[in-house]
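Please consider the structure shown below. The paragraphs that follow lead through selected parts of it, beginning with a single residue and its surroundings.

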Amino acid sequence: MSIQAPPRLLELAVQSLLRDQALAISAVEELPRVLYLPLFLEAFSRRHFQILTVMVQAWPFNRLPLGSLMKTLHLETLKALLEGLHMLLTQKDRPRRWKLQVLDLRDVDENFWAGWPGAWALSCSPEAMSNRQTAEDCPRMGEHQPLKVFIDVCLKEIPQDECLRYLFQWVYQRRGLVHLCCSKLVNYLTPIKYLRKSLKIIYLNSIQELEIRNMSWPRLIRKLRCYLKEMKNLRKLVFSRCHHYTSDIELEGRLVAKLSSVFLRLEHLQLLKIKLITFFSGHLELLIRCLQNPLENLELTCGYLLEEDVKCLSQYPSLGYLKHLNLSYVLLFRISLEPLGALLQKIAATLETLVLEGCQIHYSQLSAILPGLSRCSQLTTFYFGRNCMSMDALKGLLRHTSALSKLSLETYPAPEESLNSLVHVNWEIFTPLRAELMCTLREVRQPKRIFIGPTPCPSCGSSPSEELELHLCC
């Protein structure tokens, strides 16, 4: 029979303090560091709100990573902590021990709590804490500098999450004393007026990732342009399913020009993703030429581009160092792909992911991109399914990948010779053709993960993914 180890002295001290809340509250200012964190964790887990309120007022460390303790914010716990912070922020003379600069509500920095009690004194020493911080996220503040509250925000349907609403209201009432920093902001179905209210509260310079879905382009540009201009540290910008239905080409041009003026201020932008890009057809150059920073990731999906749009892709330095290029389901049928081939040659040394899935590229267009593709030595992922390819064209394509030794995931369409009048695969014809294509490929290199044919596979239901092993069932 196993013998249970007796509680350690530190645990006994924590339990004793929690049994006598008055004693715990009066002793907070004098608690040694090695006891401070275990007591906070116990008070937090048992929801002793009074103790939490007092402890946050004497917090002896620079950062309080609360988000890693609760995957979902608990309203009463949040209220208790914010109440303690309010009392401090409004005081002229703050406790000598209080060093809190950042309240972090994101799910990060679990190591902060993991080492208690033995390693905690070391892991939370002033030296260790300063090493964790960056000048960008947590610059050194003076005694009365604004408190920074970090949170990732996802705005969905109204009513919003109670904790988020309470936090926004708390920050708004303490403007100047608190900066609400949001490194990632995602807006789904929230009406634009609620998004604007949020942007009025959030410290705009803190936003690094912004994703906006299901919003009208004209309203987005008119109502949000002034906020976008202030997001000077923005690195990732995603517009998904933002709609605009009009035949007024001049209006479209004016709207794109207004959005382009925003890009002149985004000096750190690395990823630009636009889904449903009909709005930009014929105007893409206005956006591309205003990009100030070389992009690493460009995604233009689910729409169509005119030939002049494709031409501009290879003309500007901002696209000269792409690592990821996604043009999935952008219709490229019946236009020259020579500009796309020129872009591939330009970015051959850096490109890692190329997605041309569902672009309706015809085999007669393929020769324009093969020289550039064959030089993309860093390419690891290549999606080329759902395009119109003959057997000879596919063989030529596979041979041109001989030097792409890093390819770990690749997809190709079934050859048109195996398709019936309804553009469905005839399996009796397709099976030997697939084997022949694999034979051609193995003559030049050994594939790792490959998918040839319709997706998802009608026979096994598989679709290409990063977890896909060598797959030849279709």
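Which residues does I429 touch, not counting residues up to four places away in sequence? I429 touches E417 and S418, where contact means heavy atoms within 4.5 Å. I429 is found in helix 18. Helices (H or I, at least four residues) and strands (E, at least two) are DSSP runs, numbered from the N terminus. With a relative accessible area of 38%, I429 is partly exposed; buried means under 20% relative accessible area, exposed over 50%, and partly exposed in between, for a 1.4 Å probe and protein chains only. The C-alpha atoms of I429 and L419, which are ten residues apart along the chain, are separated by 8.4 Å.

The model is predicted, so local features need a pLDDT of at least 70 and side-chain atom pairs count only at pLDDT 80 or more, while totals for chains, interfaces and linings use all residues. Residues are numbered from 1 along each chain as its sequence is written, and side-chain values use heavy atoms, with hydrogens and water left out.

The confidence of the prediction may be considered next. pLDDT is the predictor's confidence in each residue, from 0 to 100. The chain averages a pLDDT of 83, and 82% of the residues score at least 70. Confidence is highest in helix 16 (residues 370-373), at a mean of 98, and lowest in helix 7 (residues 120-123), at 37. Over residues 117-142 pLDDT stays under 50, and the model has 48 contacts beyond four places in sequence for them. Residues 466-474 also have a pLDDT that stays under 50, with 36 contacts beyond four places in sequence. Where pLDDT is low, the predicted coordinates should not be read in detail.

As a whole, the chain contains 18 helices and 17 strands. Of its 474 residues, 51% count as buried. Among contacts in the chain with a separation of 6 or more, 79% are between residues 24 or more positions apart.

Is K148 buried or exposed? K148 is buried, because its relative accessible area is 10%.

Two packed helices are described by the angle between their axes and the distance between the axes. Helix 10 (residues 192-201) and helix 11 pack at an angle of about 5°, with their axes 10 Å apart. Helix 10 is therefore roughly parallel to helix 11, since angles under 35 degrees count as roughly parallel, over 145 as roughly antiparallel, 65 to 115 as roughly perpendicular and the rest as oblique. Axes are lines fitted to C-alpha atoms, for helices over the stretch in contact, and angles run from 0 to 180 degrees between N-to-C directions. The contact is made by I192, L195, R196, L199 and K200 of helix 10 and by R219, L220, K223, L224 and Y227 of helix 11.

In helix 10, the buried residues are I192, L195, S198, L199 and I201. Their cover includes strand 4 (153-155), strand 6 (184-187), strand 7 (209-213) and helix 11. Helix 11 (residues 217-228) spans only 14 Å between its end C-alpha atoms, whereas a straight helix of twelve residues would span 16 Å at 1.5 Å a residue. Among the buried residues of helix 11 are W217, P218 and I221.

Helix 18 (residues 427-442) also holds T440. T440 counts as buried, because its relative accessibility is 5%. Leaving aside neighbours within four places in sequence, T440 is in contact with K395 and R399.

Two loop residues complete the account. R47, in the loop between helix 3 and helix 4, has a phi near 60°, a positive value in a residue other than glycine. R47 is partly exposed, with a relative accessible area of 45%. V423 has a positive phi of about 60° although it is not a glycine, and its place is in the loop between strand 16 (409-412) and helix 18. V423 is exposed, with a relative accessible area of 58%.

Terms used: Expected span 1.5 Å × (residues − 1).
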